[in-house]
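Please examine the sequence and the structure shown below.

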Amino acid sequence: MAPPTPPPSPSAAEAAGVAQAAALLRSGGLVAFPTETVYGLGADATNEPAVRRIFTAKGRPEDHPLIVHLASGADVARWAVDVSPVAERLMAAFWPGPLTVVLRRRPGQLSAATGGRDSVGLRVPDHSLALALLAAVEVPVAAPSANRFGRVSPTSAVDVRAELGDLVDLILDGGPSRVGVESTIIELLGPVPLLLRPGGVPLEAIEDVAGARVEQVLVGPARASGMLASHYAPTVTVELVAGGDLALRAEAMQARGCSVAVLAPQTPNDLPVGVTVLAPPADAADYARCLYRRLREAEEAGVDVLLAVAPSSQGLGRAVADRLARAAAPRPDGHTP
Ligand code: TXA
Ligand code: MG
């Protein structure tokens with residue numbers, strides 16, 4: 001594996017925040033921190049009571065395994081066994097970065113963070129503050145996205161505060177998330193790599209490096225909680241529409257008395273008056289970066305319905321289309337927001 005790249009040095013203020021965050025983590029606290037994908041809600045992955053606090057704060061079922069964040073790929077052998085050559089190649093190519101690999105867990109290690117499974121999801125994030133924190137704390141950090149269970153992931157410190165308020169001991173502010181959707185999760189336990197969640201590393205890039213086809217796992221009773229059909233649900237009703245149908249659909253919704261917002265790469269010029277037009281994403285990467293912020297803007301605007309046009313399902317567009325489909329899926333409790 002390639003030697004880890006040293007993170008750029010944080011400013012004095014950032015360094016003080018990192019030191020405070022590391023101390024809190026070491027004493028069993030909860031710290032929200034920035035990553036390149038979304039903000040994470042971190043706890044010492046080797047400290048069982050600390051890990052339990054994550055589940056309480058999020059309102060997340062305790063059998064959901066958490067991603068464990070490492071300072072560098074050099075640490076993998078401490079936490080995982082049977083690491084295949086394909087896994088080695090993927091980690092070397094994409095770490096630090098938005099890739100989580102699910103590997104065989106080293107017996108006796110990290111069982112609290114993995115809900116007792118014999119596998120563990122590991123990732124080295126590509127964000128200077130996250131890397132500085134992970135290096136300072138010197139333990140692996142379990143961190144799901146820093147939102148309440150089933151809610152939209154936060155891509156800024158302000159969004160974390162809105163989600164978790166005082167349930168978190170400290171929020172490190174690292175600015176808006178650069179990638180904006182969660183990491184790609186690849187399970188590498190058997191002969192065929194499995195895509196558990198599309199994310200910040202395009203599937204095509206992973207297949208190139210793996211030199212193998214990656215099998216896509218269909219939505220089902222969650223292997224990955226991000227795979228629950230209605231995960232990432234905003235409180236506004238999201239409806240996916242084709243670009244060419246936007247104007248008609250908006251009119252029909254308004255005729256039913258619904259207020260409407262639109263999120264689309266191209267804004268049609270025949271939208272009816274009164275529709276809230278959210279800033280259009282420039283391309284798939286921009287769509288990924290702004291998606292969760294736009295979903296929150298639709299909530300904040302208080303509209304009844306968000307009509308969204310998905311990007312084509314290639315490259316980063318695959319993760320965006322996936323999250324939009326989940327945001328639009330009916331909730332298991334039948335609740336329509
Ligand atoms: O980009 C990300 O991955 C962000 C940032 C904070 O790193 N984290 C994130 O965590 O999205 P979370 O907990 O919201 O999603 C983690 C996903 C869950 O769907 C979980 O089921 C899956 O990873 N996961 C973790 N360990 C696993 C394992 N051993 N086997 C299968 N799935 C696993
Ligand atoms: Mg999440």
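**Strands, cores and a cavity**

Me: In which sense do strand 12 (residues 237–240) and strand 15 pair, and over how many bridges?
Reply: Strands here are DSSP runs of E with at least two residues, and helices are runs of H or I with at least four, numbered from the N terminus. Two strands pair if DSSP finds at least two bridges between them. For strand 12 and strand 15 the sense is parallel, and the number of bridges is four.

Me: On what is this description based?
Reply: Residues are numbered from 1 along each chain as its sequence is written, chains are lettered from A and ligands numbered from 1 in the order in which they are written, and side-chain values use heavy atoms, with hydrogens and water left out. Local features need pLDDT of at least 70, side-chain atom pairs count only at pLDDT 80 or more, and totals for chains, interfaces and linings use all residues, since the basis is a predicted model.

Me: Which strands are the edge strands of the open sheet of four strands?
Reply: The order of this sheet is 12-15-13-14, with parallel pairing. Strand 13 (residues 260–263) is joined to strand 15 by four bridges. Pairing on one side only marks the edge strands, strand 12 and strand 14 (276–277).

Me: Which residues of strand 15 (residues 305–308) are buried on each side?
Reply: In a regular strand the side chains alternate between the two faces of the sheet. Buried means under 20% relative accessible area, exposed over 50%, and partly exposed in between (1.4 Å probe, protein chains only). Both faces of strand 15 are covered, with Val 305 and Leu 307 on one side, and Leu 306 and Ala 308 on the other.

Me: Which residues touch the most other members of the largest nonpolar core?
Reply: A nonpolar core is a set of buried Ala, Val, Leu, Ile, Met, Phe, Trp, Tyr and Cys residues joined through side-chain atoms within 4.5 Å. The largest one has 47 residues, and those touching the most other members are Leu 99, Leu 103 and Leu 122.

Me: Which element gives the largest share of this core?
Reply: Among the elements giving two or more residues are strand 5 (99–105), strand 6 (119–123) and helix 2 (48–58). The largest share, five residues, comes from helix 2.

Me: How do the residues of the lining of the largest cavity divide?
Reply: Among the residues lining this cavity are Leu 195, Gly 199 and Arg 318. Ala, Val, Leu, Ile, Met, Phe, Trp, Tyr, Cys and Pro count as nonpolar, Asp, Glu, Lys and Arg as charged, and the others, Gly among them, as polar. The lining divides into six nonpolar, three polar and one charged.

Methods: 1 Å grid on protein atoms, 1.4 Å probe; cavity = no way out; pocket = protein on both sides within 12 Å on 5 of 7 lines; lining within 4 Å.
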